[in-house]
Amino acid sequence: MPLYLFWLFSTIMLIGACAVIAFRNPVSSALAMVTSFVGLAALFIGLSAFFVGVIQILVYSGAIMVLFLFIIMLLDLKDEKKRSESYVPLVAGLVLVGVFFIQLIGVLSHNPDKAAPELNAEILAKAAEISKLKYPEESKISEALTSGSLPDVHLIGHTLFTDYNLPLQILGVLLLVSTVGVVVLSKKQAN
Amino acid sequence: MPTLNDYLLVSGLLFSIGLAGVVLRRNIIIVFMCLELMLSAANLTLVAFSRFNVTENGLPDYSGQMLVFFVITVAAAEVAVGLAIIVALYRARQTIHTDELVSLKG
């Protein structure tokens, strides 16, 4: 990804994030969050993580945001009123963020910088050659690699269902538990 | 081409904005959204590490993206349960502002 696109999408993401905490109306905050996540998905795609970028849009900007908006409308929230109270939380929050930011700058200035490794057709073809045992020659992954494109979704699927099979099934149980939990929580109490 | 430190800087900024939102805002739904922002900042770091660390065959290290996949799924489950708790809270107290929920203050 060219540098100017990186900064463009980062700016969209960070402005969206600032707007989430700046707006008084919860619906505006939710929409600002969609903007922020679209910028983030563009950054993912710039890192050639196409699958993660797409599910970021589908899950966050699609499902989770609709859930948020639905709850906001269900509760019928009004704009937050201006509160005349102490500035202790404001100062505490800004100091916390300032300390975190100084630490970030400190760590990054000592961190050896690294440019992104190349992912051109030659390297991909070589990768197909090296990992011939893992991805046999007639497989889709190998075909895509030899033709010079990165088969992102196939590679993720392969990793997910070989190396990470047990965590995937545990995740299925977790989703089932959370579904049951939501149903139990939102059931009307008897008394 | 942006370098690794650029991505780490941007993701650190996103995390600190989310942290500021959690501390500053009183509306519990907005606090929840800011938690999502912080999770996404961690995701950006993971995807950047996955892209910048190639494995021996020259492809990106997909273990990082696996962790992102799991984080997104767990975050979706967490949002569903959390919003159900917020609805239950609103039913019990008719408010979702954290400075009005002071039963435990003693």
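**View 1. B:A80 counts as buried, with 20 C-beta neighbours inside 10 Å.** A residue is called buried if 20 or more other C-beta atoms lie within 10 Å of its own, exposed if 12 or fewer, and partly exposed in between, with C-beta atoms placed from the backbone. This is a predicted model, in which local features need pLDDT of at least 70 and side-chain atom pairs count only at pLDDT 80 or more, while totals for chains, interfaces and linings use all residues. Residues are numbered from 1 along each chain as its sequence is written, and chains are lettered from A and ligands numbered from 1 in the order in which they are written. B:A80 is part of helix α3 of chain B; helices (H or I, at least four residues) and strands (E, at least two) are DSSP runs, numbered from the N terminus. When neighbours within four places in sequence are left aside, B:A80 is in contact with A:L67, A:S178 and A:V182. Contact between two residues requires that their C-beta atoms, placed from the backbone, lie within 7 Å. From B:A80 to B:V102 there are 22 residues in sequence and 25 Å in space, C-alpha to C-alpha.

**View 2. Helix α3 of chain B covers residues 62-93.** Its 32 residues should span 46 Å at 1.5 Å a residue, and this agrees with the 46 Å between its end C-alpha atoms. The expected span is 1.5 Å times one less than the number of residues. The buried residues of α3(B) are B:Y62, B:G64, B:Q65, B:V68, B:F69, B:V79, B:A80, B:G82 and B:L83. They pack against α3, α7 and α8 of chain A, together with α2 (28-52) of chain B.

**View 3. B:Q94 is found in the segment after α3 of chain B.** Phi of B:Q94 is near 60 degrees, a positive value in a residue other than glycine. Most residues other than glycine have a negative phi. B:Q94 is exposed, with 9 other C-beta atoms within 10 Å.

**View 4. A:S48 lies in the loop between α2 and α3 of chain A.** A:S48 is not a glycine, yet its phi is positive, at about 50 degrees. With 18 C-beta neighbours inside 10 Å, A:S48 counts as partly exposed.

**View 5. α2(A) and α3(A) are roughly antiparallel to each other.** Their axes come within 8 Å and cross at roughly 175 degrees. The axes are lines fitted to C-alpha atoms, for helices over the stretch in contact, and angles run from 0 to 180 degrees between N-to-C directions. Angles under 35 degrees count as roughly parallel, over 145 as roughly antiparallel, 65 to 115 as roughly perpendicular and the rest as oblique. Residues of α2(A) in this contact include A:P26, A:A30, A:M33, A:F37 and A:F44. Among those from α3(A) are A:F50, A:G53, A:Y60, A:M65 and A:I72. The contact of α2(A) with α3(A) has 19 nonpolar, 3 polar and no charged residues. Here Ala, Val, Leu, Ile, Met, Phe, Trp, Tyr, Cys and Pro count as nonpolar, Asp, Glu, Lys and Arg as charged, and the others, Gly among them, as polar.

**View 6. α2(A) is roughly parallel to α2(B).** The two axes cross at roughly 5 degrees and come within 11 Å. On the α2(A) side the contact is made by A:P26, A:S29, A:A30, A:M33, A:S36, A:F37, A:L40, A:L43 and A:F44. The α2(B) side consists of B:I29, B:I30, B:M33, B:L37, B:S40, B:L44 and B:V47. By class, the contact of α2(A) with α2(B) has 13 nonpolar, 3 polar and no charged residues.

**View 7. The contact between chain A and chain B takes 69 residues from chain A and 61 residues from chain B.** On the side of chain A that touches chain B, two or more residues come from each of α1 (3-22), α2 (26-46), α3 (50-75), α4 (88-110), α5 (121-130), α7 (152-162) and α8 (165-186) of chain A. The largest share, 11 residues, is that of α3(A). By class, the side of chain A that touches chain B has 54 nonpolar, 11 polar and 4 charged residues.

**View 8. α4(A) is hardly covered, with a count of buried residues of 1 among its 23 residues.** At 1.5 Å a residue α4(A) should span 33 Å, which agrees with the 34 Å between its end C-alpha atoms.
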